[in-house]
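I set out to record what I looked up in this structure, entry by entry.

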Amino acid sequence: MASVHESLYFNPMMTNGVVHANIFGIKDWVTPYKIAVLTLLYEMSTTKPMALLERRRLNKLILPLQQGADLTLEQFVKIVEECSLRMVNAVKLRIFLMADGELQDMEHFFTILPNAFSDSEAFKTSVVGLFMRQMLLAYNKLSFSQVYKLYKSLQQYCHLGNQLELSALPSEDMELTSNEDPSADRIDKDELDTTSLHQSELRSDETQGPLSQKQAEYFLARQAYLLKNDENKAMSPAKLQDELNNILKFNPDFAEAHYLSYLNSMRVQDIFISTHSLLHYFDRLFISGGEGKSNGDEGYGRSLRYAVLNLATLHCRFGHYQQADLALQEAIRIAQEANDHVCLQHCLSWLYTLEQMKGSDSVVLTEDSVKIAAHFCLPYLASLGIQSLVQQGAKQGMPANKLLDALRGTDIMHWKQSLSELIEISLAQTTSIWRMYGKSTMARQQAQLLLNMNSLEPVNFSVQQNNTEAFAVTLCHLSELHAEQGLYAVVADIMKHLKQQFPPHTQHAKLWMLCDLKIQFEKAMNDGKYHLAEPHVTAISALNSTEGLYRKAQLLKALNQTSEASKILQQLQQQCEKSKNTEMIIRVMLASAELHWDSSGFASGLPLLLQALALSRQHNLQSLTSETVLHLAFTQLMLGIPEQALALVQDVLESVLAHGSLIDKGRALLLAARCQMTLAGTAAQKHRLTALEQAVHTLEEAAVYFSRLDCKERMRDIHYLQARLHHTLGNVSQRNKYAMLFRLLDQELPSSGMTVVNRL
Amino acid sequence: MAATRSSELGDLVQIKKQLISIIAQCKERGLVHSVKWASELAFSLETLPLNEIPPPPELTEEDAQDLDAFCLAKSYFDLKEYDRAAYFLRGCRSQKAYFLYMYSRYLSGEKKKDDETVDSLGPLEKGQVRNEALRELRVELSKKHSAGELDGFALYLYGVVLRKLDLLKEAVEIFVAATHALPLHWGSWLELCNLITNIEMLKSLSLPDCWVRDFFTAHMYTELQMIKEALQKYHSLMEAGFAKSTYIISQIAVAYHNIRDIDQALYLFNELREQDPFRIENMDTFSNLLYVRSMKPELSYLAHNLVEIDKYRVETCCVIGNYYSLRSQHEKAALYFQRALKLNPRCLGAWTLMGHEYMEMKNTSAAIQAYRHAIEVNKRDYRAWYGLGQTYEILKMPFYSLYYYRKAHQLRANDSRMLVALGECYEKLSQQVEAKKCYWRAYSVGDVERMALLKLAKLHEQLNESDDAAQCYIIYIKDIFSCGEQLEHAEVSNALRYLGQYYFKNRLYDEASLCAQRCCDYNDAREEGKALLRQISAVREQGEPSSTDLSLPCVFNPLSNNTTPVRRVSPLDLSSITP
């Protein structure tokens, strides 16, 4: 199930789930690279007739050029060349003229620069217009010596670019030279760049050069966005940290970089650096908050509260519940003192999340939270609360219609406010709920709905699909659903995608790991390859101890180590009753009943089964209900009341065939056939034949399902029964055929010691 | 090794000769700080008779050739015209001229860098202004180095260049080589000192066996907060004949300051001022001590004196800041600390002190900023971490401040103040178990403020662990009485009162009455003491026997006999320092 809070990076700048970029004033300066960009813009606006395609390409180029890190002239020229050959020549001509001429030429360029824009389509307030005016302003602010230096570095910039162009060095060599280690052949170049304004012009490796504040802000915004939505496209943790350290080295007051460093170290689960960065961020934020915000002292106090709250979330994410609790209490206390209802509301929503994570009941808290959030018009928190309530309600067996109604109600609001994150969660949650109820078709439909949805983010850095938890959960469900239908090739494809999208070190990787292991385990069990299943049990236990125990019991049961299995099942039942994990309780009961069968204690299994039936009905767990009914039917068959058994099987057969997995379908049909066989034995002579034929028919159907799964043990059982039936019917050729098939399989498989009789 | 070196040390005349020659060498090369250090040391030794004074070093053929250019360049160098000096030295081939040539290029770069900083455009740019000469210098020096043509001074310069380029590992190697080549040059040692971060690193380096090494290790120990070892080293150096050296005296005083032995430190500083009345270095530390002791007139005198000597020195500004702070004029104090920072932005103490001032002014955000800056300059500044913790505690965020206190505690594991602060935070968070641990540890490492036991006792009292509480009070009272100082009356009487009641409840009437009598010494507990005495006598009249349960802690033997119990803390440790 999607736990709703996990995917949220909480941020005080966030309101209703939207992070507002923190844009300061003009924090940019003129560099030779900027002059090159300006020349390009100038040429673009002065050359009127231009091919539409070229113009479009160039227009698309402007924004990345403006926002990105400084490039070398060679790189710049190459990029422009790809768009328009004519333009690149014009730009080169102009910039080399400037560089080879005198300082006056550069000054002249800056004087004529505004003219080009006065009558063109670039408005003053457009991106290009703003950029141009910022550059002009920055240029005009330069002192005499700075202008001179700028010119010198422009000369170098062009000279270096020119020289490299002439010698036609590949770009790798460029990078080499920009590294810190000077090799012997480096000296010549070193002498060239002795008097430069900034290092950035000399470095071609974009991750090395210092960025201007503006560039740094773009960089941070982009990386933060990618971290939130598509981690794989973001820089690798180590590289990003290097980059951040670089930014921080040049400007330690750049608080946002600390926050990104916090997010980044969260990726690699580094508590030490993440705590450090988080606290550092807030220490710095107070400073800028104190002077920048209009509400002065209020802003300062506010960030204090959110600082503690963030610390609480940090501990929460690392599973330090006691620490998180203490921090949260502190946040609540100071928020109460300051009468900050919004912050309190955030605290409350974290409080119930924490309670939930600790495994205690938090329904009352959540309900309160929703009510208050609605009162203070905080739709984001309110629907988060509702989603959390739905999750808990589903686990506790609330009526399905109520839950789905609640989800639909919030969905309408999400779409109105375009809270894309919540829409995703909601869809994932619906998938999970349908899956839990055993309605695989509905689950599949919801999953596809989410996966086919277009991203709703306002700014889209070419991110097609987000790698949020919602997607991980949905994809996992989808893979399990496919595995149930025996489509293992599809499963492998989905897993491959998951692995790619959520690499093993990331936050949500555990989801697919567990899912993958479960599928493999099931497959091995179905194939009767118990030795293959064994290592999976250990791996599953590492990810989820309860699930691991259950699987271990199953394996032991299959290996006929009944006493150990029953011990584990008892232990498991106690555990689950404590944690109120209903699904698991029912499964454990079924497994225990099966153990009773092994010792032929069919009657003693009955109370367990009845209990399981009651529980599963109460919680609307349809697939488990049918499973339980099948168990009951089998018991009845064994106890000698096949009429009743058949009636029960027929009751649930419909839903099993509609929603069940292949193996369930096969098992149900096999059971039905066996009931029919037993009934035929007692029926009057004239009905006997038709009854037997019916049984043959049912068996054939079951055989189709099992063969699709390639489940040889079951096939062997079926062939045995088929041979018997045909023998009774007198179809000798058919009988011989099935008998041979049986013999082939029996030789292939090790005799499991399990007779056909006592197994569902 | 120690033996060989002490014999070397014994030969003071030899040392003096070495010093005189190194002074001359450094002077020729414009290394003023090393000249100063060596001269100070030489001054503290006996003067040599005329025939003992070492002759100036022989001039080589190359030296003679370069002599004129060198003299010219040196004069330009002294006038801070570095480029000009470098220009005239460019063709010279002697070692001396080569060093001066490279050194003036380096200094020219540094000077330009400083000028550039004023011209920079935005905050992001500030860190980017670099000494552009460094890379060139590095290339040239590394060439020469691999050819083995560098002498001790040039190696030193190479190391400095590497350090400035943040190539710390290589820099350490080069500095070690420099000390081997020229052990007497203090500059290399000092640079090495800045690069060594822990004691393991220090031990792993192979350093030349020379008497200067003793000075270096002592300095290093002080830097690494291993004060006891440092003091030992310095004392042995003084015994060896450097007793008059102002350098050593100031170092010892600073060391005493670091372990909060205020009286000793004050004494030494006063002596230092007598010997060297116009000294400005280390006077900020002196003012810290005066501040802690609230010695207003002395501090005021010091401040006025220093202003007369040189008012634009960082130390002077810090002293004045302290002076205003002591007079509770915190705005002015902050102003002077700011001025100190303008003079030297990397002045660590000033950032922390400014943080303290802002705290006094209740300007928490500014305080946080100041402390953060201090941490940036030196991550190991425990006072800044502690200050941050305090700030957040004032903002009523005990959980938040835990992190900062922990940091401070990591840096000074044996400082009780951090432990007590940690304990208080835990107590506020109702984490009594952790709080108890902290207090007990604080007491065990030698509690300076004497609060840990008391707080521990109160905590036990709250938790109704009366035996433990009584035990703590007993130790507390023992400590207080053994020191013979009557501090914190309220707390002592409080402890006695509790103990009286405790003994009374446990029917140890003799002890109870003793406590009650002691209570009567204090105004605020007198009434209760008398009441308790009356109760005791009433019970005794009823003939109820005194319990003979010996399992209860019985303390008052030492107290009544007035024998001295174990002294855990020396009286000097009593005062707290909040520098």
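**Entry 1: Helix H22 of chain B**

I found that 11 of the 14 residues of H22(B) are buried, so this helix is largely enclosed by the rest of the structure. Buried means under 20% relative accessible area with a 1.4 Å probe, protein chains only. Among the buried residues I noted B:Ile368, B:Tyr371, B:Arg372 and B:His373. H22(B) covers residues 364-377 and reaches 20 Å from first to last C-alpha, close to the 20 Å expected at 1.5 Å a residue (1.5 Å times one less than the number of residues). Helices are DSSP runs of H or I, at least four residues, numbered from the N terminus.

**Basis of the entries**

This is a predicted model: local features need pLDDT of at least 70 and side-chain atom pairs pLDDT 80 or more, while totals for chains, interfaces and linings use all residues. Residues are numbered from 1 along each chain, chains are lettered from A, and side-chain values use heavy atoms, without hydrogens and water.

**Entry 2: H4 and H5 of chain B**

How do the axes of H4(B) and H5(B) cross? They come within 8 Å and cross at roughly 170°, and the two helices are therefore roughly antiparallel (over 145 degrees). The residues of this contact (heavy atoms within 4.5 Å) divide into 10 nonpolar, no polar and one charged.

**Entry 3: Nonpolar cores**

I looked up the largest nonpolar core, of 246 residues, where B:Trp211, B:Phe215, B:Phe216 and B:Tyr400 touch the most other members. Such a core joins buried Ala, Val, Leu, Ile, Met, Phe, Trp, Tyr and Cys residues through side-chain atoms within 4.5 Å. A second, separate core of 77 residues includes A:Leu403 and A:Val588.

Key: Buried < 20%, exposed > 50% of the residue type's maximum accessible area, 1.4 Å probe, protein only. Axes fitted to C-alpha atoms, helices over the stretch in contact; angles between N-to-C directions. Parallel < 35°, antiparallel > 145°, perpendicular 65-115°, else oblique. Nonpolar A, V, L, I, M, F, W, Y, C, P; charged D, E, K, R; others polar.
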